[in-house]
Amino acid sequence: MGTFAEITWVSLERGAEHDPPRFDAGTLGHLPPPAQRFLGSALPDGVPLHDAVHLSMSGEIKLAGRWLPFTAEQILRAGAGFVWAPVVGGRLIRFVGADALGPEGARIEFRLHGRIPIVRGAGPDIARSAHGRLAAETVAWLPAALTPQAGARWTAVDEHRATVTVRGPGEPTDIEITVDSDGALKSMSLQRWKDSAKPPAFAPFGGTVDSGFVTGEGIRVAGSGTVGWDWDTPRASGGSFFRYEITRAEFGHVG
């Protein structure tokens, strides 16, 4: 039958659009200037607007105050869900598992050395937090989902910032992005449900984008950066818990 993460991966993969429309750069004219620059930089005119991506990445994650290395595979489908499947740590401390959101809800499950359960979680609070993660990662890694052709709604903030409303399995989520003069994504932020808070509540969440990653089709996504809680507050440095670098991004063919 497979684990929850395996079943969710297959479901997201099968649900991906197989023959999507192609990007029409002429549809960007009415968007706020930062959105025009961002999408114009991220998507070559005429590229297929796939709604799913398969990512490979490496980086570090903070657990119990300690930064540990990881490598991971991920599937991400706009508006539907994700599966993030990492191997964390090394020979002495090694965690294997997945963080998943799909049609059947959300679940986190990790095992020490692949055998001893150490983290298990499910339920509405974890699902609500996962909805925020899906929205943020859609901005980072699925720019096709942010186009007018995909139904995305944009609101101007200023010359370098704009807000996009991302649809998902839960309530729509507003993500504020910052881009430079060339349209490169520099940061993003949102109010994300923090299931570990006492009691669970919305909290500032965001991340920097330090570099871009350009695929063979010329699609530009967030290539490396740092993510954390307490975004844009005095506690932001202590809230950082995730540093990543994308090593592969394949759209459409996500198997």
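Helices here are DSSP runs of H or I with at least four residues, numbered from the N terminus, and the expected span of a helix is 1.5 Å times one less than its number of residues. The model is predicted, so to speak, with local features needing pLDDT of at least 70 and side-chain atom pairs counting only at pLDDT 80 or more, while totals for chains, interfaces and linings use all residues. Residues are numbered from 1 along each chain as its sequence is written, and side-chain values use heavy atoms, with hydrogens and water left out.

Helix 3 runs to 18 residues and covers 25 Å from its first C-alpha to its last, close to the expected 26 Å. Most of this helix is tucked away, with 15 of its 18 residues buried (under 20% relative accessible area, 1.4 Å probe, protein chains only).

Helix 3 (residues 124-141) also gives the largest pocket the largest share of its lining, eight residues. A pocket is an open set of points on a 1 Å grid over the protein atoms alone, where a 1.4 Å probe fits, with protein on both sides within 12 Å along at least five of seven lines; lining residues have an atom within 4 Å of a point. The space in this pocket comes to about 1000 Å³, counted as that filled by probe spheres set on the points. Its lining has 40 residues, with Ile61, Asp99, Arg133, Arg192 and Phe241 the closest to the centre.

Over in helix 2 (residues 33-42) sits Phe38, buried at a relative accessible area of 4%. Its contacts (heavy atoms within 4.5 Å), leaving aside neighbours within four places in sequence, include Val139, Trp154 and Leu185.

Terms used. Helices (H or I, at least four residues) and strands (E, at least two) are DSSP runs, numbered from the N terminus. Buried means under 20% relative accessible area, exposed over 50%, partly exposed in between (1.4 Å probe, protein chains only).
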